[in-house]
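Subject: Structure for your files

Dear colleague,

Please find the structure below, with the sequence. My notes on it follow.

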Amino acid sequence: MTSVHTEWESIVEEVAHYAENPFVKRCLGRPHVPSFFVQVLYMMLKSHELPVSRIRRLCTATALLQMALDIHETVSLDKPRTEEQMRIRQLTVLAGDYYSSQFYRLLSEQGEVEVVACLAQATCRINEAKMRLYALRDDTRTSSSVWLPLIRRIRGELLAALADFFHAENRWGHPWRPLAERLMALDYLVSPGVKEIFPWLTDESVPTVLLGEIQSRLEGMKHPEARQEWAEAIRRRFASVLGEPLIREG
């Protein structure tokens with residue numbers, strides 16, 4: 001195991017620690033930490049050569065914000081029929097608020113006010129995209145050219161916003177926004193249960209298209225070591241949909 005693996009996996013454990021709450025755990029189960037999200041963010045911030053302590057702080061706080069968005073997404077739109085269903089619904093909302101408050105606390109305690117503003121604006125854009133996606137929910141004719149940009153924004157905007165934040169002088173020229181958006185969209189689309197939420201996400205060519213675009217971004221990386229590191233991380237996550245190695249050296 002390399003030091004990179006050790007670092008991002010220890011951040012995953014830290015996120016789990018901050019998300020831990022005995023009452024929430026007893027009623028809703030152990031919270032799901034988005035480990036691939038943490039890994040991608042860690043590798044992206046590492047490329048900026050930020051201090052390790054700041055990378056850990058940004059990864060932990062941003063993952064908690066993503067968890068807040070994710071658990072709020074699970075709140076049922078159906079009216080609760082029993083007191084138990086009502087209680088679970090209220091707890092789910094409160095758990096998301098709890099993760100979100102941890103995000104604010106971690107960053108505000110260290111004076112990361114500009115990052116908080118950056119991610120709050122990103123959250124607005126995510127929620128706008130979610131509203132547009134849900135408006136399409138009953139339209140079975142919706143093509144991937146319509147819904148895929150929304151999925152990329154919903155799943156990748158927190159990472160993309162941080163990438164823009166650290167490339168403010170070259171916002172449209174850096175590779176991290178398109179790479180983060182596509183990796184997170186693919187991570188979502190190959191996850192179990194997605195098609196139960198959006199049954200019309202049935203265009204099976206989309207993962208292949210996303211992998212091709214991801215490969216193109218990897219081939220544009222200047223440093224072979226970093227390129228291999230990214231390729232290995234992607235291979236581990238998407239082994240089930242990868243037909244062959246993403247990059248070939250030599």
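The largest pocket has a volume of about 1000 Å³. A pocket here is found on a 1 Å grid over the protein atoms alone, as an open set of points where a 1.4 Å probe fits, with protein on both sides within 12 Å along at least five of seven lines; lining residues have an atom within 4 Å of a point. Grid points are joined across faces, edges and corners, and the volume is the space filled by probe spheres set on the points. Of the 41 lining residues, Asp70, Ile71, Glu73, Thr74 and Arg155 are the closest to the centre of the pocket. Two or more lining residues come from each of helix 2 (22–28), helix 3 (35–46), helix 4, helix 5 (83–108), helix 6 (113–135), helix 7, helix 8 and helix 9 (194–197). Helix 4 contributes the most to this lining, with 7 residues. Helices are DSSP runs (H or I, at least four residues), numbered from the N terminus.

A word on the basis of all this. This is a predicted model, in which local features need pLDDT of at least 70 and side-chain atom pairs count only at pLDDT 80 or more, while totals for chains, interfaces and linings use all residues. Residues are numbered from 1 along each chain as its sequence is written, and side-chain values use heavy atoms, with hydrogens and water left out.

Next, the core. The largest nonpolar core has 75 residues, and Leu183 and Trp230 have the most contacts inside it. Such a core is a set of buried Ala, Val, Leu, Ile, Met, Phe, Trp, Tyr and Cys residues joined through side-chain atoms within 4.5 Å. Buried means under 20% relative accessible area, exposed over 50%, and partly exposed in between, with a 1.4 Å probe and protein chains only. Helix 4 (residues 52–73) gives the most to this core, with 11 residues.

Leu183 lies in helix 8 and counts as buried at 0% relative accessibility. Beyond its neighbours within four places in sequence, Leu183 is in contact (heavy atoms within 4.5 Å) with Phe36, Val40, Ile214, Trp230, Ile234 and Phe238. Trp230, not counting residues up to four places away in sequence, touches Val40, Met43, Met44, Trp176, Leu179, Leu183, Leu218 and Met221.

On aromatic pairs, the rings of Phe, Tyr and Trp (its six-membered ring) pair if their centres lie within 6.5 Å; planes under 30 degrees apart count as stacked, over 60 as edge-to-face and the rest as tilted. By this rule the count comes to 5 aromatic pairs. In one of them, Trp176 and Trp230 have ring centres 5.5 Å apart and planes at 35 degrees, so the pair is tilted. This pair links distant parts of the chain, with Trp176 in helix 8 (residues 176–189) and Trp230 in helix 11 (residues 224–237), 54 residues apart. Both Trp176 and Trp230 are buried.

Helix 7 (residues 144–165) has a kink of about 70 degrees centred on Gly156. The bend at a residue is the angle between axes fitted to the seven residues ending there and the seven starting there. Helix 7 is mostly covered, with 17 of its 22 residues buried.

Some single residues remain.

- Cys118 is in helix 6 and is buried, with a relative accessible area of 11%. Apart from neighbours within four places in sequence, Cys118 is in contact with Ala161, Leu162 and Phe165.
- Glu49 is in the loop between helix 3 and helix 4. Glu49 has a positive phi of about 60 degrees although it is not a glycine. Most residues other than glycine have a negative phi. Glu49 is exposed, with a relative accessible area of 72%.
- Pro80 is in the loop between helix 4 and helix 5 and is buried at a relative accessible area of 19%. Setting aside neighbours within four places in sequence, Pro80 is in contact with Gln85, Met86 and Arg89.
- Ala16 is in helix 1 (residues 3–19) and is partly exposed, with a relative accessible area of 28%. Ala16 and Pro31 are 15 residues apart in sequence and 7.4 Å apart in space, C-alpha to C-alpha.

Regards
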